[in-house]
Amino acid sequence: MDPVTLAVLSARFTAIVEEMGEGLLRTAYSQILNSSRDFSIAVTDGACRLVAQADHIPVHVGAMPFAAKAVVDAFGEDMKPGDVFLLNDPYHGGSHLPDLTIVLPVFDAPPLANSDPRAAPPDHPRRVRFYSVVRAHQSDIGGNTHGGYNPGATEIWQEGLRIPPIRLGENFSMRPDLVAMLALNTRINRDFRGDLAAMLGAAKLGANRLSALLGQHGGGSLMAAVDAILDLAHAHTKRIVESWPDGKWHGEAFLDDDGHDARNIAIRASCTKQGGTLTVDLSESDDQVLGIVNSSYPNMFSAVCMAFAYLLDPEVAKNEGAFRALRVIAREGSIVWAREGAAVTLCTSHCSNEIVEAIMRAMENCCPERAVGGWGRRFRIAITGKDARRPDRKFVWHLFHARPGGGGHAKGDGWSTAGEWHSAGGLKFGSVEMAEARFPLHFRKHEFLGGTAGAGQYRGGHGAELELVVESDGPSRGNTAGDGAFHGSAGIAGGRDSAPHRYALRKADGSERVLRTKEVGIGIESGEVIHVRSAGGGGWGDPAKRDPALIARDTEEGLSDPPIHAKGEVARSDRGEA
């Protein structure tokens, strides 16, 4: 195939996944999707190789080919055009339970109008050429607590509804009885149904676009183009990796805790670069724990791919070809690859962020100019209660505001309030005004906060300060699920760690109770204030080398304050220590 046609087809695959994402964004019901954009899109080929992804949530995408493979393993030759498959189980193709994944197979020959969908013209054998894949985080997935995360869980059955690969419907439609059964097991029935319909719409859009492409170019020619696109990505990646020195380096990162008895849980990465291949070995990481910070295998693999992608040039196509230069080794029964049955709901955030951090701490010794200072860790709150303006409807609201800062890097300071490593800016906090219109909340303060960023030649991005007044109709309940109240964002290449998070509930008398990162059933009275001081990003490079002009700029903007709270302050309060 000539290079021009190949470039056009590569751009076409990217355009398809981007269009699918726009479709989902504009039709989803819940705030978590249509405002915060917690979803991802991918196209794989018939062999479940990642062909294209949209720029949404990095930690989702490396795991999505596992979903397509799980569908193939479950249904094999029984798949037919128009079938709609659904799953979320972390041990059967998913990453964690709140992320539902819809998979649509795309065949060589679409069914003719008013014909048997199992039939195909005799000159077109029924062969799956692509899978259109949509993954989206649900506002609630059942289980012991509202909001999709149960910080008290000790096994996956306490975390929510498990869905192995199922045929959700046929003829590009969903079976009403199955949808009713699934929705009945969630707390926000309307949002669940609406978001599921939006996911299917996006997947159908992708399937239609891929079918048209197959009709234009033919299956054989198009698959030859896919092979060439993936080979080019591998060649690009290999050239980059070959420019690094050969060697072996070690890095580690620590989770605060698991919400139970485990503290300072270690993720250890040994990174060996030889020729055009990087091998990441996580086998020495701590054993799996009781709480929700364990990782499923697809999520662990995706986190390693994510870290590797951050070390590459931005222009490298992030598809299966790019990741051929990466080899991943892990140990089943460890924190990064838990055995089936373990609680794993927090894994897309933690331990994903710590996997990336451990790899960066190793690779700063190999290619410091490509390593990035730590991005802040996720610390979420889900609040449920009643809204006097809508007395017939219970609300569940997820805190995406006051996001932490991104890490500094060799080209400049980190982005302020950009979020965490696992999302890299893909998660948005959305409009304050829209949140106030849709939920009984008042944002009294939401601004950058000095003293949070890690110092460096290029400092980390700033965290934020938030004062959020809950104006519910009567008492509400909150759950927290996150990390980073003890460990700040990692400094890299001589940079300093950031300040950690500090989240508190301010009572009517002005007193504050520091919130633990993994806490169930927090009572919140109407009028009480959630006070957040989120972590900044980690610094990059020796702080003594910082340009005086950049120091003066931070001072002028009022963002050069000394650290606002010492490492471990919140953690000591969490543990009841003096």
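My entries below cover cysteines, then strands, then a helix.

Ground rules: I am working with a predicted model, where local features need pLDDT of at least 70, side-chain atom pairs count only at pLDDT 80 or more, and totals for chains, interfaces and linings use all residues. Residues are numbered from 1 along each chain as its sequence is written, and side-chain values use heavy atoms, with hydrogens and water left out.

**Cysteines.** I searched the whole structure for disulfides and got zero (a disulfide being a pair of cysteine sulfur atoms within 2.5 Å). For C271, the nearest cysteine sulfur belongs to C366, 8.7 Å away.

**Sheet.** I found four strands in an open, mixed sheet, ordered β7-β8-β9-β10. Strands are DSSP runs of E, at least two residues, and helices are runs of H or I, at least four, numbered from the N terminus; two strands pair if DSSP finds at least two bridges between them. β7 (247-257) and β10 (326-329) are the edges; each has a single partner strand, so one side of each lacks a neighbour in the sheet. I noted β9 (277-281) running parallel to β10 over four bridges, with L278 bridged to L326 of β10.

**Helix.** I have α9 (352-363) packing on the sheet, touching β7, β8 (263-274) and β9, where contact means heavy atoms within 4.5 Å.

Key
Axes fitted to C-alpha atoms, helices over the stretch in contact; angles between N-to-C directions.
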